[in-house]
Each structure stands twice: as C-alpha cells, then as structure tokens.
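Biologist: Hi! Could you walk me through this one while I have it open?

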Amino acid sequence: MVLKIRLARFGRRNAPFYNIVVAQARTARNSKPLEVLGTYDPIPKTQPGGEGKPIKDIKLDTSRAKYWLGVGAQPSDPAWRLLSM
C-alpha cells in the first residue's frame, strides 16, 4: 500500500481551496482520504489591520505530517513545498 501526501481541491471555479491529505496513491484526487492533515488557501488575504503584504493561509498538523512521513508516505511536489515552509 503506497501512501501519498497530496492536495485535494475544493472550492469553486477560480477560487480554489485545498485540503492537505494522506491517501493511497492509486485513488482519485478527491476520493475519501485516510486523514486530513490541514488546509491551504492559495488566494492571498489581507491582514486584519490592512497593513503589510497579503498572506496565503496554511494550517497544518505538523506532528501528524511527521508521523506519516516516518511511516513512508511520499509527498507530492506541491505538498512537499508546503511541508518545507
């Protein structure tokens, strides 16, 4: 059983929203995952004070991500970029 850490796309057209998930490698992109590790919103949002640069929202359970990497899950390229932040 080969496991992948990848992004599952949600949201509407031109407004994507991604769940960072652990799933079997041969399943479809939006099929039911084994576990949801976090979320990623790629559309920059302004900060509440309106000051500074807009930021992209990333929420990730790092302890579970380390566990799945330790068990042998392979991250996809976009997931690897998010995990390395």
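Modeller: Happy to! Strands here are DSSP runs of E with at least two residues, helices are runs of H or I with at least four, and both are numbered from the N terminus. This is a predicted model, where local features need pLDDT of at least 70, side-chain atom pairs count only at pLDDT 80 or more, and totals for chains, interfaces and linings use all residues. Residues are numbered from 1 along each chain as its sequence is written, and side-chain values use heavy atoms, with hydrogens and water left out.

Biologist: How many bridges join β1 to β5?

Modeller: Two, and β1 (residues 3-12) runs parallel to β5. Two strands pair if DSSP finds at least two bridges between them.

Biologist: And what is the strand order in the open sheet?

Modeller: It goes β4-β3-β2-β1-β5, with mixed pairing. The edge strands, β4 (55-60) and β5 (74-75), each pair on one side only.

Biologist: What is glutamine 47 in contact with?

Modeller: Lys53 and Ile55, leaving aside neighbours within four places in sequence. Contact means heavy atoms within 4.5 Å.
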